[in-house]
Amino acid sequence: MRQTPVPCMLMRGGTSKGALLLASDLPSDTALRDRVLLAIMGSPDPRQIDGVGGAEPLTSKVAIVSPSTRSGTHIDYLFAQVLIDKPQVDVSPNCGNMLAAVGPFAIERGLVRARDPLTPVSIHMVNTGNLAVAQIQTPGGQVRYDGATAIAGVPGTAAPIAIDFLDTAGSVCKGLLPTGRAHDVATGIEVTCIDNGMPVVVIPAASMGKTGYESPAELDADRAFKTRLEALRLEAGVLMGLGDVSARVVPKMTLIAAPRDGGDVCTRTFIPHRCHAAIGVLGAVSVATACALPGSVTAGIARVPSGSPLVLSVEHPSGEFTVTLDVSGSSAADFRVGRSGILRTARVLMEGNVMVPSALWQGPGI
């Protein structure tokens, strides 16, 4: 029996890679849709050998795009993190890296009409209900992928994609400060729990017996440390109102140390069980926000530059990530964040059909 073809673009978005799909090309039933996504990516299998996944969290991602159901926006974007070792699809968090690919994809698929020379694409992030606007270079009405912009963690250069996040505080949790405090204690460790687009637990590296400058491989090899980190994550998840997070990919855990390469803070982020080779877009936004937050655990560790908007450089294992924030307030009680801006790139890697076993699904309407 023939397999079921599903139209697909394989794209790099920022420092992530995944499948870009139209919602209309997938099952409307959520449970069946998730089984199809697992088949597309090849999960569960540590190599994802029977799918197009890349056998690590940064390359086992899916963006599902459709015309927007929200007034004033162009498209809906549902992000799906396809777990590698479990038959599970998590749609609770956003992914700001894959978001960079969504605008070009929407234009390529005819959901947004291109302008010359720049096309703004307003995006409703379905996972969290937040909004973003991506500026896509479209000279002559065609998406441009080549350019001179470099981002850490990606070889070469490409066309810049400027993204503004609008009011992303409390994307998954009940607010910017899910516990209502800028400073908490979990498993005896002082932390800041924050959600400005991504729930993150910010932890001084020294409090976990680390410098914060270790390589991802070194951190992943320390099993005792990873066990302690997961225990902290589970306790912090409850504090943040997320309940039992043992089967969820949030909150992310970020170790911080003083900057040493010209930035404002040094980070090592876990997503959530492996150390990230860089840092996620919205994770970087949340960490930068914690640096600006009065009373957070970043005090005395991070440098907070002056100026408005606030521009912070977040160091990570592959380089740095610059975040622009509009913030106000002199205490945690009156601290507010408006726009959060970042710069990414994206590229189409493959366009065609990804094949799904017909025994699983025979296509729309069948």
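How do the residues of the lining of the largest pocket divide into nonpolar, polar and charged? They comprise 17 nonpolar, 12 polar and 6 charged residues, where Ala, Val, Leu, Ile, Met, Phe, Trp, Tyr, Cys and Pro count as nonpolar, Asp, Glu, Lys and Arg as charged, and the others, Gly among them, as polar.

The model is predicted, with local features needing pLDDT of at least 70 and side-chain atom pairs counting only at pLDDT 80 or more, while totals for chains, interfaces and linings use all residues. Residues are numbered from 1 along each chain as its sequence is written, and side-chain values use heavy atoms, leaving out hydrogens and water.

The largest pocket has a volume of about 570 Å³. A pocket here is an open set of points on a 1 Å grid over the protein atoms alone, where a 1.4 Å probe fits, with protein on both sides within 12 Å along at least five of seven lines; lining residues have an atom within 4 Å of a point. The volume is the space filled by probe spheres set on the points, which are joined across faces, edges and corners. Of its 35 lining residues, P57, Q81, V249, I271 and P272 lie nearest the centre. β4 (75-82), α2 (96-108) and α5 each give two or more residues to this lining; such helices (H or I, at least four residues) and strands (E, at least two) are DSSP runs, numbered from the N terminus.

The second largest pocket holds about 300 Å³ of space. Its lining has 24 residues, with R12, G14, G153, V154 and P155 nearest its centre.

The largest nonpolar core has 66 residues, and L20, Y77, I123, I163 and F165 touch the most other members. Such a core is a set of buried Ala, Val, Leu, Ile, Met, Phe, Trp, Tyr and Cys residues joined through side-chain atoms within 4.5 Å. Buried means under 20% relative accessible area, exposed over 50%, and partly exposed in between (1.4 Å probe, protein chains only).

T138 sits in the loop between β7 (130-137) and β8 (161-166). T138 counts as buried because its relative accessibility is 0%. Beyond four places in sequence, its contacts (heavy atoms within 4.5 Å) include I107, R115, D116 and V143.

The whole structure has 0 disulfides, a disulfide being a pair of cysteine sulfur atoms within 2.5 Å. The sulfur of C275 has its closest cysteine sulfur in C266, 10 Å away, so the two are too far apart for a bond.
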